[in-house]
Amino acid sequence: MRCIRVLLAVLMCLPVLGGAADAHERRTVGPYQLVVGWLDEPAFAGIANAVDLRVTDTRATPASAVEGLERTLSVEVFQGGLTTPFASTFRARFGVPGGYAADIVPTRAGSYRFVITGRIGDLNVNETFESGPGRFDEVRAQGALQYPVQVPAGADLGSAIADVRA
């Protein structure tokens, strides 16, 4: 009886423990699975973060981590309607085989798009990942974190100063 109670308690906790993985998009590209999102979620404007990429080879059972991609993959980050990307290379994440990060400080709340290009083995990669429901989280404004006084975002201050000057 006690074992059943423990098992039920563990099963009830699974949705809570699995929440972080839900904020990433999983996609099969050839024989590989790519998992993409923000390294730190939820992501907030003005706070250092990174594009998180994890790659596994699904031809093995269980799937095996693909290492060495920091030399062959890069990412461009787009925000809103901006057509000029933030371009970055990935770095291997220490202690996370098949895990890579491209450091960035998102400066505006809203939707983001990651375009990952390069090669995984012999496979050419050109994949676009967009934030949104069922994918990875959009960047949130910092106001929700600020206490006791909310400070305007840098972009808002810049606009206010430009208005005053005009």
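Modeller: Contact here means heavy atoms within 4.5 Å. On that basis, residues 24 or more positions apart account for 58% of the contacts in the chain with a separation of 6 or more.

Colleague: On what kind of model do such values rest?

Modeller: This is a predicted model, in which local features need pLDDT of at least 70 and side-chain atom pairs count only at pLDDT 80 or more, while totals for chains, interfaces and linings use all residues. Residues are numbered from 1 along each chain as its sequence is written, and side-chain values use heavy atoms, with hydrogens and water left out.

Colleague: Why is aspartate 57 called buried?

Modeller: Buried means under 20% relative accessible area, exposed over 50% and partly exposed in between, with a 1.4 Å probe and protein chains only. Aspartate 57 has a relative accessible area of 14%, and is therefore buried. Of the 166 residues of the chain, 31% count as buried.

Colleague: What makes the pairing of the side chains of aspartate 57 and arginine 59 a polar contact?

Modeller: A polar contact is a pair of N or O atoms within 3.5 Å; within protein, one must be able to donate a hydrogen and the other to accept it, and residues adjacent in sequence count only if both atoms are side-chain atoms. The two side chains make such a contact at 2.8 Å.

Colleague: Which residues are in contact with aspartate 57, leaving aside its neighbours within four places in sequence?

Modeller: They are Pro31, Tyr32, Ala63, Ser64 and Val66.
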